[in-house]
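Hi,

Here is the structure I promised to pass on. Have a look at it first, then read my notes below.

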Amino acid sequence: MIEIYLIGSVIIGTLLFFNRGKALNYTLIWLFIALQCAFTIYACMNYNKTESTYFTFDSLGIIMLLTATIISIPAVIHSHIYIEESEEKTPRSRATYFGALVILITAVSSAYLANHIAVVWIFTEITTLSASALIYHHRNKLALEGTWKYIFICAISITFVFIGILFLSLAFAKVGSDDLSYKNLLAHSALLNLSWLRLAFLFIFTGFTAKLGLFPMFTAGVDAKDKAPGPAAALLSSIVMCMGFVGIFRFYVVVANTSLLHWASLVIGIAAFLSLFIAAVYMIKVKNIKRMMAYSSVEHMGLVMLGIAAGGIGYYAAILHIVLHSFVKSSLFFQYNQLYRVFKNKNIYQLGNYFKYNTTGALVVLLAFISVTAMPPSGMFVSEFLIFRSLFDSNQLILLLVVLLLLTLIIWAFAKNIFKILFIPAVNFDESTVPVLSPWRSVSQFILIGGAAYLGLNPPPILVDLIKESILLLPL
Amino acid sequence: MLQVLLIIFLISLFYLSIANRMTTYVNVLALQGVLLFFVAFLELKSINTLNLILILLETIIFKSLAVPIFLKYVLNRNHITREAEPYVPNFVSLIITTVIVVTTILLSNTMEESYLDKMYFVVALSTLFTGLYFIASRRKIITHVMGYLVIENGVFVLSLAVGNKMPMLVNLGIMLDIFASVLILGIFLNKIGDVFKDIDVNQLTNLKDY
Amino acid sequence: MISLISIVFIVMGLAFIGGLALMCFTKAFGVVFLGNPRHTFHHEVKEVSGFQLAPLYAIAALIIIIGLFPKLFLDLLIKPVQLFTGLQQLPFVAFQGNGLEVLVSVSHASWYLIGLVLILLGLRKWLLRNRTITVMPTWGCGYTAPTAKIQYTASSFVKTYSKLFGMFFLIFKKEKEVQGIFPTDAHLETRPYDKIEKWLIDYPTVNFKLFLDRFRFFQNGKLQFYILYGIIFIILIISIPLLYDKAIQFIEFLKQL
Amino acid sequence: MLSFLLIILAAAFFTGIIIRTKSIASGRKGPGLFQPIKDVVRLFKKGAVYSETSSFVFRIAPTIYFSSVFVAMLVVPFGQSKWLISFNGDFIFFAYVLGLGKFFSIIGAMDTGSSFEGMGASREALYSMFAEPAFFILMGSLALLTGHTSFQEIFATLHLGSSITYALGGLAALVFLMIAMIENSRMPLDDPKTHLELTMVHEVMILDNSGFDLGLILTAGYLKFAIYGAIIFNLFSGTISYEYAIPMFFVMQAFLAFVVGMIESFMARFRMNHNAQFIVVLSSVSLLIFFGALLVSGKFI
């Protein structure tokens, strides 16, 4: 099935690149969504089976794949609306956009399921390619700059990951096997050479931070989310981040079973804390709503990795948090397009009184804000609370204190800007040109946010089991 | 013989750090491609012939011919000035490159390892960090690309070191090489040349929160 | 001894807070809602719509209902409390143990109070049903030209108090004194500010934000820097433990000398 | 039930005795003992005059004020016999229900928009604020001494044995008397007979009340005296049986009224800005009682 999926997606993607007919484009993209759904169902039914040697439908992969499929459906819907509404649309840009979208979703989904570190790496490379096509959609100078930075940083990061893999093969040399699958690595974790493994982890971690949006390489991701069209930015800040997480997490599981556990947690903890710090620095200052949302993602990835670093209940909380964050943040980015349609601007000074112009949309923004800042009725409150508890359990009280302080600042800054957008009238805003937007465009966002709340507050036993299964190999 | 080639490779880094003209950079890159061709041949003699041919073709055709030619084309087409215009004086660059090499040698001493020729490790890591240093210290976008190509060469050296046991990794390295180079060089450098008339990295600093 | 002192301070503080609350809320309620308008606005002063008021009334009603029927609220509270303490077997039944049964008496007493108020209001209405009810200007002790300005303001209401505790306040005064035999205009405006807020909240917040501002160079738009972060991160993570080991070795070496 | 009847009876003549004492001390005959009650009955028969500034707050405030005093009365026991309301910590309820009444009387005064009444309200709020700690510390130390937290249990177990406990009882009685003076705005702090608004506290707050409302406020004042008198009596009653206790109660109430009358006759009112200091002194005295209680109960470490 995975071959059918890959080949089918590549064919659909290629057809999209070369066919510029409107009807054909949309038929193809929906065909792809059908394929994606079918594949997801197939993966769920073949739980824990391995296909084509390199892909295993394991618990973490299934969770992430489900997340990706759920998000990709509204992503296509909103891309459709976005492309049809944008002024500079050409058949070529539309075809490129949807082709890249198909390739991106396919690559990300395959990376989730890959059980071999090199295969994950290959798909990561492919996401860079497809994501850059999406970021460059507008074809202006700033988009070009954002794309250039994204490509360059991602290329360097991919190189880092590759170097890490090379080091890993050195660390693995004593075993005498050339199979770098996670399973094999875990089986021989006692034989790994620690000093090479240390270097390998460091390089792989640093490399994947570009996709995850964590401290050293987060920079280009922020620019990319700023310049990409709303639906593409939603994918970049949800499923692509999940891919970075999967890349780090699967390797972390290997490292955690050696004596490097403490050191690796420390490295992750440092990067996570610095991410939170950077997020706090910029959330206060940033005036561009889209960049603010991107920094908020940096903050949440910091929290997720803090959970990983703290261990214990933190592992569970981290996976739950990243899934919930994907839902909420993607709905926020989907909503951004409506916001932009109303105000034709993304500077917070020029936005305001959104409730008056688009009540449903404003409601989505409000609910998403409540969820993103993890206020109690939202699902992310639970996961964030558990992350704090894991920090508490691991006796990191000072760290917890500083983190809470930074979060307070972040929430303050976020609330200040969001409330400005929702309630305070903008200066010199011409009301006559405001388009009337159909409330139906917000339905998918409501579903995503509501789903996140449901999953957080009352996680279905199957999700709990899947998460527990994914962290089974970690020492508690 | 291998050792000699690798040392020449290291020396080429020093030369790169004091080079003034853009064409020198391109020529050094071509030279490194040729060096890698021989290193690959000597190191990987024992692997699958087809695979070996692929690797050798990649080094000689892609690294030492296609890329330099394309770079020269870009230089001419976009009327890029011939000077490298680094932020720091060449003298300092040389010192920093030396420090990098010395540090990697020291670092390699701390690794208790018998499976790897330390020469590879030193050359690869110092090439990596020198490349990163070039990116960080040069002004033009095209020099960034060249820095990236230097990094790729370093990674290639490292992948050759383990290539005997895991040829797959060398192939992956080649894939990265071609993929990233084509993406960066082919698509983007051209595009940037079209959109921005003068390819100075200072023009690409508008996306910021500072 | 320390615990004793702390008990004394806690009791004092708790008792004092009740009085302070009385003062604070009579001030706030009295100055904002009662009497004549203390300031004439250029725009029309009107109440907001019922939709905006309804939530406030709902919250107020909830507060009173919890006071009158605490049991209902506590029963609702048990489940979430159990969720967070994680003790499923906790024998937590409302009004048993923990001194909570007192709440029943308190709510009874509140009922007496409400009942008495209602009875008295009814009596009052009944007594006044045939009597003459006159509406006159407020009694002014012979002063025939009362203006809204002679009313107590927020500052003057607590003047005696702020005099006693002046050292804890920061009061900004804007003043123009009367001059000459036939003074023209004069005004006095005071704006109190909390010293504790100034020192414990404002200064740290401002300084912390300034501190954070120093790190704004990170996203400076220059690709070179972005790559440097990665390099520096890797180098530091590799070298710090090595340097640390070397430093330890060096110190050991010095000790042996 | 007993305490309720007794307090109402005592309230009926308490103020009368004060006025009578003052009259005799100044060489006049003075009105009858029940003149205050007659005044109130007269007020109940009258109509009402309202300020045009005032809102419904002004109309309901006196009723709530009276009710709060009345409910506070229900808390006070007589000796060992408790009445309607008695539970652990009921003295807190007592203080806060009086506080509720005070809140309404203050905002009722603010509602008239008069500068005088605002002034009275401001003073009343300040004095109540300072008086509250004294009451709490006093009751807290009594609770510490006896190991109980309700009025009834405290008074039932309060045995005055050693000399130090007598000293404590005396001090406590003094503090309660002073609190009663503050609550009722009597002499050292406030002169109820003054005719100058600027020197009034309580009187100036009710300038605009008339008829039924004024009657309620006056009745509440009488009740308050009797309530505090009852509390002071309870400090000493202990386990005395009813046939002695009930006459003693009336004697005590009459004596207290006499003392208040004498103070009002022979003392001048404090300067207004000295009042706060005087009230804080009460808190200090109650702290002294607190430490005494600690000493007696052997908890002083």
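Before anything else, a contact here means two residues whose C-beta atoms, placed from the backbone, lie within 7 Å. Helices (H or I, at least four residues) and strands (E, at least two) are DSSP runs, numbered from the N terminus. As for bookkeeping, residues are numbered from 1 along each chain as its sequence is written, while chains are lettered from A and ligands numbered from 1 in the order in which they are written. Keep in mind that this is a predicted model, where local features need pLDDT of at least 70 and side-chain atom pairs count only at pLDDT 80 or more, while totals for chains, interfaces and linings use all residues.

**A helix pair in chain A**

With that cut-off, A:Phe218, A:Gly221, A:Val222, A:Lys225 and A:Asp226 in α9(A) meet A:Lys290, A:Arg291, A:Ala294, A:Tyr295 and A:Val298 in α13(A). Sorted by class, the residues of this contact are five nonpolar, one polar and four charged. The classes are simple: Ala, Val, Leu, Ile, Met, Phe, Trp, Tyr, Cys and Pro count as nonpolar, Asp, Glu, Lys and Arg as charged, and the others, Gly among them, as polar.

How do the two helices pack? Helix α9 (residues 218–227) of chain A and helix α13 (residues 289–310) of chain A have axes 8 Å apart, at an angle of about 140°. Axes are lines fitted to C-alpha atoms, for helices over the stretch in contact, and angles run from 0 to 180 degrees between N-to-C directions. The crossing of α9(A) and α13(A) is right-handed; that is the clockwise case, whereas left-handed has the near helix turned anticlockwise from the far one by less than a right angle.

**Two positive phi values in chain A**

A:Asn353 has phi near 55°, positive in a residue other than glycine, and sits in the loop between α14 (313–343) and α15 (354–357) of chain A. A:Ala374 is not a glycine either, yet its phi is positive at about 60°; its place is the loop between α16 (359–372) and α17 (379–393) of chain A.

Are these buried or partly exposed? A:Asn353 counts as partly exposed because it has 18 C-beta neighbours inside 10 Å, while A:Ala374 counts as buried, with 25 C-beta neighbours inside 10 Å. The rule is 20 or more other C-beta atoms within 10 Å for buried, 12 or fewer for exposed, and partly exposed in between, with C-beta atoms placed from the backbone.

**Chain B**

Chain B has seven helices and zero strands. Of its 210 residues, 45% count as buried, and its C-alpha trace spans about 50 × 35 × 35 Å along the principal axes. The radius of gyration of chain B is 17 Å, in agreement with the value near 17 Å for a compact globule of 210 residues. That radius is taken over C-alpha atoms, and the globule rule is 2.2 Å times the number of residues to the power 0.38. Of the contacts in chain B with a separation of 6 or more, 71% come from residues 24 or more positions apart.

**Chain D**

Chain D contains eleven helices and one strand, in the order α-α-β-α-α-α-α-α-α-α-α-α. Its radius of gyration is 19 Å, close to the 19 Å from the globule rule for 301 residues, so chain D is as compact as a globular protein of that length. Buried residues make up 58% of those 301.

**Who touches whom**

Four pairs of chains touch, and chains C and D have the most contacts among them. That contact takes 59 residues from chain D and 50 residues from chain C. On the chain D side, β1 (48–51), α3 (56–75), α4 and α5 (115–146) each supply at least two residues, with α5(D) giving the most, 17 residues. By class, this side of chain D has 34 nonpolar, 17 polar and eight charged residues.

Elsewhere, the contact between chains C and B takes twelve residues from chain C and 13 residues from chain B. Chain C's side there has six nonpolar, four polar and two charged residues. Chains A and D do not touch, with their nearest C-alpha atoms 33 Å apart, and no contact joins chains B and D, whose closest C-alpha atoms lie 52 Å apart.

Cheers
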